[in-house]
Amino acid sequence: MARAAEDVKYRGRRRWAGSHGKLWWDGELLFEIESFEGKVTADREDVIIGNSKDSKIVSLTGSGTFTVKAVINRNVKKYLEEWQAGHDPRATLVGLIDDPDAVDGQKERISVDNVWFNELTLMTFKKGEVVSKEFPFGFTPEDAEFIEDVE
């Protein structure tokens, strides 16, 4: 029995692999990227209607984290010096998933602007392991947009 074109189109190989993800920090490709996550959370207030609890979105919070396998001390010194001088520097992050097996060569790209960092890991290591650094961040959700998305 012949399969529908849709069934063949969405085989397991069509699932995205994070191995093909890329991240740019202020326009510079992070070749040592290990992981990236950006998300928006709805902040809600309770609304009581009769005897039921409902909710209302009152604001949005943008947050995320990325991890790099440490090769160089990328931007950490610059941000630390800015913080020490009393400044609150902001960044732009652009993430891309571009898996060569994606259906019809589709990609997904997001730009997140007005990014601030919540902490800076100055140094970390564990004997016998490759050094990685995690960068937790926040952003204003209005400054996030999909540049390319899968249809």
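Strand 3 (33-49) gives the most to the lining of the largest pocket, with seven residues; strands here are DSSP runs of E with at least two residues, helices are runs of H or I with at least four, and both are numbered from the N terminus. The model is predicted, so that local features need pLDDT of at least 70 and side-chain atom pairs count only at pLDDT 80 or more, whereas totals for chains, interfaces and linings use all residues. Residues are numbered from 1 along each chain as its sequence is written, and side-chain values use heavy atoms, with hydrogens and water left out.

The largest pocket has a volume of about 380 Å³. Of the 21 residues in its lining, Phe 36, Gly 95, Leu 96, Ile 97 and Ile 110 are the closest to its centre. A pocket is an open set of points, on a 1 Å grid over the protein atoms alone, where a 1.4 Å probe fits and protein lies on both sides within 12 Å along at least five of seven lines, and lining residues have an atom within 4 Å of a point. At least two lining residues come from each of strand 1 (21-25), strand 3, strand 5 (91-97), strand 6 (108-117) and strand 8 (144-148). By class, the lining has 11 nonpolar, five polar and five charged residues.

The largest nonpolar core has 16 residues, and those with the most contacts inside it are Trp 25, Phe 66, Leu 93, Val 115, Phe 117, Phe 135 and Phe 137. Such a core is a set of buried Ala, Val, Leu, Ile, Met, Phe, Trp, Tyr and Cys residues joined through side-chain atoms within 4.5 Å. Two or more of its residues come from each of strand 1, strand 4 (52-69), helix 2 (76-84), strand 5, strand 6 and strand 7 (132-139).

Strand 7 is mostly covered, with six of its eight residues buried, where buried means under 20% relative accessible area, exposed over 50% and partly exposed in between (1.4 Å probe, protein chains only). Its pairings are set out below; two strands pair if DSSP finds at least two bridges between them.

| Strands | Sense | Bridges |
|---|---|---|
| Strand 4 and strand 7 | antiparallel | eight bridges |
| Strand 6 and strand 7 | antiparallel | two bridges |

Thr 67 stands opposite Glu 134 in strand 7, and Trp 116 has Gly 138 of strand 7 as its bridge partner.

Glu 148 lies in strand 8 and is partly exposed, with a relative accessible area of 27%. Apart from neighbours within four places in sequence, Glu 148 is in contact (heavy atoms within 4.5 Å) with Lys 107, Glu 108 and Arg 109.

Key:
Grid points are joined across faces, edges and corners, and a volume is the space filled by probe spheres set on the points. Ala, Val, Leu, Ile, Met, Phe, Trp, Tyr, Cys and Pro count as nonpolar, Asp, Glu, Lys and Arg as charged, and the others, Gly among them, as polar.
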